[in-house]
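Here is a short report on one chain fold. Look over the sequence and the model, then read on.

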Amino acid sequence: MSKKLKGKNRNKNRKKMRLNNFHNKESYKKKLLNKILKWDDPVLKSKCSIVAKDENIENILKDMGRILYYSNGAGIAANQIGVIKRIILVLIDKKKPTFLVNPEIVSKSEDELIDSRESCLSYPGIISVIKRYKKVEIKYEDENRELYQKTFENFNSIVIQHEISHLSGECDLYRIWKERIEENNKKSSLSAAKIENNENIKNIEEIKNGST
Ligand SMILES: [Zn+2]
């Protein structure tokens, strides 16, 4: 009997530990995802600075890697998590996380454009088709600060272009979000004017009918 109880208690403890681990993991995940800046945050509109050669960026890269993993995104720029430095992380071929430090577009396929359906971690729910260069040649450093110059195509090219825009404080989806707000404001002020107009007409008719 005592053995049985011990066994029961042991299972209970294991279950409790598993539950605690789950809650710890969930709150850790939530804490990381909360670092993603959104909407009108001024940091998203900041121009990022070049990372110096001797700068220690280990913790920034770690954070970016974890946040991209938990957010299920295809790429992230450092200023999206509040770090105003020229660093992006991109899932090459949708699976290989690759850091590009101080990335620079060397050349682009000006005459070859593709339509890309994009979303952004900083503007959740906004999806739009954007014209992108099919190919881009990029000069960058990897996480060990080794220099590379490579050409990326299609999906990889699209994600890199999206993330590099962030480093200049720009995002097409921000612009589209703002345009939608403006449109909605116009629509609602138009319908407010319509209601007001109708009220006036009604009042005039009521006066005509002598009902007031
Ligand atoms: Zn984005």
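Which residues touch the most other members of the largest nonpolar core? Met64 and Ile88 do, in a core of 34 residues.

## Basis

This is a predicted model; local features need pLDDT of at least 70, side-chain atom pairs count only at pLDDT 80 or more, and totals for chains, interfaces and linings use all residues. Residues are numbered from 1 along each chain as its sequence is written.

## The core

A nonpolar core is a set of buried Ala, Val, Leu, Ile, Met, Phe, Trp, Tyr and Cys residues joined through C-beta atoms within 7 Å. Buried means 20 or more other C-beta atoms within 10 Å of a residue's own, with C-beta atoms placed from the backbone.

Met64 and Ile88 lead this core in members touched. Elements giving two or more residues to it include helix H2 (58-71), strand S2 (87-92) and helix H3 (154-167). H3 gives the most, with five residues. Helices (H or I, at least four residues) and strands (E, at least two) are DSSP runs, numbered from the N terminus.

Beyond its neighbours within four places in sequence, Met64 is in contact (C-beta atoms, placed from the backbone, within 7 Å) with Ile76, Ala78, Ile81, Ile87 and Leu89.

## Helix H3

Eleven of the 14 residues of H3 are buried, so the helix is largely enclosed by the rest of the structure. Among them are Ile158, Val159, Ile160 and His162. Just after H3, Gly169 takes a positive phi of about 80 degrees.

S6 and strand S7 (residues 147-153) pair antiparallel over seven bridges; pairing needs at least two DSSP bridges. Ile138 has Lys150 of S7 as its bridge partner.

Notes: A residue is buried if 20 or more other C-beta atoms lie within 10 Å of its own, exposed if 12 or fewer, and partly exposed in between; C-beta atoms are placed from the backbone. Two residues are in contact if their C-beta atoms, placed from the backbone, lie within 7 Å.
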